[in-house]
Amino acid sequence: MNYKQGKYRDLITLICVITGAAIAAVNLNTFVNAGGLFPGGFNGLTVLIQRIASTYFSVEIPFSLVNYALNALPAYIGFKMVGKKFTAYSILMIVLTGLFVDLFPVVNLTEDILLIAIFGGIINGVALSIALKGNASSGGTDFISMWISKRTGQSAWNYVMGVNVIMLLIAGALFGWESALYSIIFQFCSTQIINTLHTRYKRMTMLIVTSQPDVIIPIIQHSTHHGVTRLEGIGTYSGKPRTLLYTVVNTTDVKGMMHRIKEVDQTAFINVTKTEMVEGRFYQAPIR
């Protein structure tokens, strides 16, 4: 990546971080606080601590103060084990989210707690997905999730949801089960949106039947840094020699690969299938 490409990517990341932080803050003030929900993660833990301080000690604590303190250790883990730029931009998102929450007004759009849980969860998932798209996160348990995903090569958001459920059970015991149970719906909706939109650890198998393998193989290897298995055969319809190329790529690479293959071989037959699991050497671009 040259200097110009690096600067362009950093600009995209910054836009994603600011946008994600603003959406997350609006969601907290519009749905989460208005509905009395706990959003999960360290944002949810911050809200829980705020409500404990307010309810049991009559002390109002700023969201940003608690959130920054809680994220100190996970940020260190992210810096050491995930990626330095990823952690730096995630810290920026944490700071901006805290500032926006304290600055933006609390607005009640609806009193229906189920609508608040569903749409609040969806918006929360969208906010985090935007940040992840730009190589950042909302901090806290996201650092832990990304570290697990980096080690295993699999999405870990469902495991994080399990941890969040434990926190929500504590919240239910302290402040009533209705809000806690609706918060689980909120968290479920958020997790499913992230699993749908965040495709870093989703892979696809490509089977390419072509008469020009020597041209297509370098394209695949150069574009994806993945190996290709080559099988020779005969087309039963034409009776002519054909080559079957087999490779596994990230979901985000599929459309670009199909376009480049069709540019050099209009007659290529391409079959793309979802890959549930890969065991063995598989190149994954590192998190910066």
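Helices here are DSSP runs of H or I with at least four residues, and strands are E runs of at least two, numbered from the N terminus. By that count, tyrosine 159 is found in helix 8. This is a predicted model, so to speak: local features need pLDDT of at least 70, side-chain atom pairs count only at pLDDT 80 or more, and totals for chains, interfaces and linings use all residues. Residues are numbered from 1 along each chain as its sequence is written, and side-chain values use heavy atoms, with hydrogens and water left out.

**Tyrosine 159**
- At 61% relative accessibility, tyrosine 159 counts as exposed (over 50%; buried is under 20%, partly exposed in between, with a 1.4 Å probe and protein chains only).
- Its C-alpha atom is separated by 17 Å from that of arginine 200, 41 residues apart along the chain.

**Nonpolar cores**
- A nonpolar core is a set of buried Ala, Val, Leu, Ile, Met, Phe, Trp, Tyr and Cys residues joined through side-chain atoms within 4.5 Å.
- The largest one has 25 residues, and Val17, Leu37 and Phe38 have the most contacts inside it.
- Helix 1 (3–35), helix 2 (41–57), helix 5 (84–103), helix 6 (113–133) and helix 8 (157–175) each supply at least two residues of this core, and helix 1 gives the most, with six.
- Leaving aside neighbours within four places in sequence, phenylalanine 38 is in contact (heavy atoms within 4.5 Å) with residues including Leu48, Leu168 and Phe175.
- A second, separate core of 14 residues includes Ile208, Ile219, Met257 and Ile261.

**Helix 6**
- Among the buried residues of helix 6 are Ile113, Gly120, Gly121 and Leu132.
- At its start, a side-chain oxygen of aspartate 112 reaches to within 3.0 Å of the backbone nitrogen of leucine 114.
- Just after helix 6, asparagine 135 takes a positive phi of about 70°.

**Helix 3**
- Phe63, Ser64, Val66 and Asn67 are buried in helix 3 (residues 63–70).
- These four cover an arc of only 165° around the axis (taken from the directions from the axis to the C-beta atoms), so they sit on the same side of helix 3.
- The face turned away from that buried side carries the exposed residues Leu65 and Ala69.

**Cysteines**
- Taking a disulfide as a pair of cysteine sulfur atoms within 2.5 Å, the count comes to zero.
- Cysteine 16, at 12% relative accessibility, counts as buried, and so does cysteine 189, at 16%.

Key. A polar contact is a pair of N or O atoms within 3.5 Å; within protein, one must be able to donate a hydrogen and the other to accept it, and residues adjacent in sequence count only if both atoms are side-chain atoms.
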